Amino acid sequence: MHHDQPNNPLHGIKLETIIIELEEHFGWDGLAERVPVNCFRNDPSVKSSLKFLRKTPWARDKVEALYIATFCRENPWNTP
């Protein structure tokens, strides 16, 4: 079953891709400053971050919001 999500800027983007791109852009330290969770502070890795974020909806929401604010041109929060 395929559902179009034209208003979802994250549609089709894997959580792993989000983490990798944010880490490349901000580094682990910068990511930990913006989203203060232990998976970014203590011995960070993509694997440990995926595990934590999949179990913790509030943290995943913050990471996804940071990704949208950083990389999406059509940011729904920045529209006039």
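In this protein, 52% of the contacts with a separation of 6 or more are between residues 24 or more positions apart. Keep that in mind as we walk through the structure, which is a predicted model. Its secondary structure comes to 4 helices and 0 strands, and from the N terminus on the elements run α-α-α-α. Of the 80 residues in the protein, 32% are buried. The accessible surface comes to about 5900 Å², and carbon and sulfur atoms hold 48% of that surface.

Let us now look inside. The largest nonpolar core has 20 residues, and Leu22, Phe40, Leu53 and Val63 are those with the most contacts inside it. Two or more residues of this core come from each of H1, H2, H3 and H4. H1 gives the largest share, 7 residues.

Leaving aside neighbours within four places in sequence, Phe40 is in contact with Trp28, Leu31, Ala32, Val35, Ser49, Leu53 and Val63. Two of these partners, Leu53 and Val63, are also among the core residues with the most contacts inside the core.

Is Ser49 buried or exposed? Its relative accessible area is 0%, and because buried means under 20%, Ser49 counts as buried. Beyond its neighbours within four places in sequence, Ser49 is in contact with Ile19, Trp28, Cys39 and Phe40.

Next, follow the chain to helix H4, which covers residues 57-71. How far apart are its end C-alpha atoms? They are 21 Å apart, which agrees with the 21 Å that 15 residues should span at 1.5 Å a residue. The buried residues in H4 are Ala59, Val63, Glu64, Leu66, Tyr67 and Ile68. What covers the buried residues of H4 includes helix H1 (15-34), helix H2 (38-41) and helix H3 (46-55).

Finally, see how H3 and H4 meet. Their axes are 5 Å apart, and the two helices pack at an angle of about 115°. H3 and H4 are therefore roughly perpendicular to each other. On the H3 side, Phe52, Leu53, Arg54 and Lys55 meet Pro57, Ala59, Arg60 and Val63 of H4.

Key. Residues numbered from 1 in each chain as written. Predicted model: local features only at pLDDT ≥ 70, side-chain atom pairs only at ≥ 80, totals over all residues. Heavy atoms only, no water. Buried < 20%, exposed > 50% of the residue type's maximum accessible area, 1.4 Å probe, protein only. Contact = heavy atoms within 4.5 Å. Areas by Shrake-Rupley, 256 points an atom, 1.4 Å probe, with all protein chains shown as cover. Expected span 1.5 Å × (residues − 1). Core = buried A, V, L, I, M, F, W, Y, C linked by side-chain atoms within 4.5 Å. Axes fitted to C-alpha atoms, helices over the stretch in contact; angles between N-to-C directions. Parallel < 35°, antiparallel > 145°, perpendicular 65-115°, else oblique.
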